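Please look over the sequence and the coordinates before reading on.

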Amino acid sequence: MRPWQVGTLVATYYATSMLSSCLTKLLLVEFPFPLSVSLVQQLVASAGSTVEHSRRTGSWHGLRQWRSVTPVAGALVVAGVSYRVSLVYSPVSFAQAIKTLQPLFATALSRSLLKEQSSRGRLASLALLVVGVATATATEIAFSAVGFAAALLSGFAQALQMVLTKRLLLVGHILRMELFAAVALYTLLLLTPCWLVLDGPRLLSAEAVLRGSMGGGAVALLMLLTSLCAFANQWLGFAVLCALASPVSTAVVSTFKRVVVIVASVLWFQTPITLMHACGVGAAVVAVSMLQSGSSRALSTRTPLLPRVASEAKCGPGRAV
């Protein structure tokens with residue numbers, strides 16, 4: 001792939017990431033039902049994953065491994081719903097800043113579940129990450145305890161989902177594309193009964209559910225648009241991973257994407273911030289960049305695993321909330 005094509009791909013990836021977060025926030029302002037929003041977005045993601053997986057392989061061995069796949073899907077449900085709850089109570093920039101704590105949770109979970117050791121450099125980066133997030137939290141003008149707790153829970157659940165996914169892939173009995181397609185379907189199955197118990201009765205009883213000035217048709221259109229943007233962002237993230245030869249380059253792109261989302265959301269919603277808050281967010285982003293670069297360099301030195309990683313990368317995308 002030529003450099004200008006890679007640049008266009010990355011730019012489109014950033015655009016869908018920004019649109020997915022900002023449009024979801026705008027939708028939740030008008031329609032404050034995060035569980036319903038998560039259900040519709042997951043429905044689109046499940047449909048897209050199913051069609052693409054059927055087109056590529058047609059094997060559904062992963063669906064029969066429900067004991068292994070269900071915990072991953074459960075973690076994804078908690079991560080997705082809690083992030084959308086955080087957007088109801090907090091700005092996008094603050095929720096994204098709190099979610100930078102995900103590597104801290106991933107390190108702890110990898111230590112307990114995968115028995116992975118952490119270097120001194122990684123521990124130092126985690127310390128900088130905690131300081132940065134603490135500064136951003138203490139100086140957040142529109143601080144909400146509910147939004148903070150929901151974003152924190154989302155970061156933990158997403159880290160748990162990534163660690164459980166990694167453990168399944170290391171076993172080698174299921175390919176990445178097959179696993180993510182199965183997880184998408186099981187996530188939808190877990191979300192549906194939750195929606196029927198919590199959001200369904202209120203929506204089906206024709207209660208007044210719209211908080212803003214938009215009509216029902218506009219909200220439905222916005223719901224569809226956010227769902228398509230979220231699904232497109234997942235697939236573009238996979239395409240970027242395949243297009244970049246260096247793992248370090250992929251880590252830099254991923255870190256800068258978070259910066260783009262934070263800055264874009266601040267400008268979009270005109271979120272007031274202080275200098276100390278910006279410094280705290282900046283420190284957290286730098287810490288995450290150090291962690292990702294260190295992990296990517298470690299991965300690139302493991303030459304025996306490279307053929308397997310390359311073959312799995314062709315099978316399917318990663319997921320993000």
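Q: Which helices each supply at least two residues of the lining of the second largest pocket?
A: This is a predicted model in which local features need pLDDT of at least 70 and side-chain atom pairs count only at pLDDT 80 or more, whereas totals for chains, interfaces and linings use all residues. Residues are numbered from 1 along each chain as its sequence is written, and side-chain values use heavy atoms, with hydrogens and water left out. A pocket is an open set of points on a 1 Å grid over the protein atoms alone, where a 1.4 Å probe fits and protein lies on both sides within 12 Å along at least five of seven lines, and lining residues have an atom within 4 Å of a point. With helices taken as DSSP runs of H or I of at least four residues, numbered from the N terminus, the two that each supply at least two lining residues are helix 11 (247-269) and helix 12 (275-300).

Q: How many residues does helix 12 bring to the lining of the second largest pocket?
A: The lining includes His277, Ala278, Val281, Gly282 and Val285, and Ser93 is also among its residues. The largest share of this lining comes from helix 12, namely 5 residues.

Q: How do the residues of this lining divide into nonpolar, polar and charged?
A: Here Ala, Val, Leu, Ile, Met, Phe, Trp, Tyr, Cys and Pro count as nonpolar, Asp, Glu, Lys and Arg as charged, and the others, Gly among them, as polar. Val259, Ile262, Val263, Val266 and Ile273 are among the lining residues. The lining of the second largest pocket divides into 8 nonpolar, 3 polar and no charged.

Q: Which residues of helix 4 are buried?
A: Buried means under 20% relative accessible area, exposed over 50%, and partly exposed in between, with a 1.4 Å probe and protein chains only. Helix 4 is mostly covered, since 8 of its 8 residues are buried. Those residues are Val92, Ser93, Phe94, Ala95, Gln96, Ala97, Ile98 and Lys99.

Q: Why does Ser154 count as buried?
A: Ser154 lies in helix 7 (residues 145-171). Leaving aside neighbours within four places in sequence, Ser154 is in contact (heavy atoms within 4.5 Å) with Ala79, Ser82, Tyr83 and Lys99. Ser154 counts as buried because its relative accessibility is 0%.

Q: What separates the C-alpha atoms of Thr165 and Leu179?
A: Thr165 lies in helix 7 and, at 6% relative accessibility, counts as buried. Apart from neighbours within four places in sequence, its contacts are Val72, Leu179 and Phe180. Thr165 and Leu179 are 14 residues apart along the chain, and their C-alpha atoms are separated by 8.3 Å.

Q: Which residues are in contact with Leu236, leaving aside its neighbours within four places in sequence?
A: Leu236 lies in helix 10 (residues 216-243) and is buried, with a relative accessible area of 17%. Its C-alpha atom is separated by 8.1 Å from that of Val10, 226 residues apart along the chain. With those sequence neighbours left aside, Leu236 is in contact with Leu9, Thr12, Tyr13 and Thr16.
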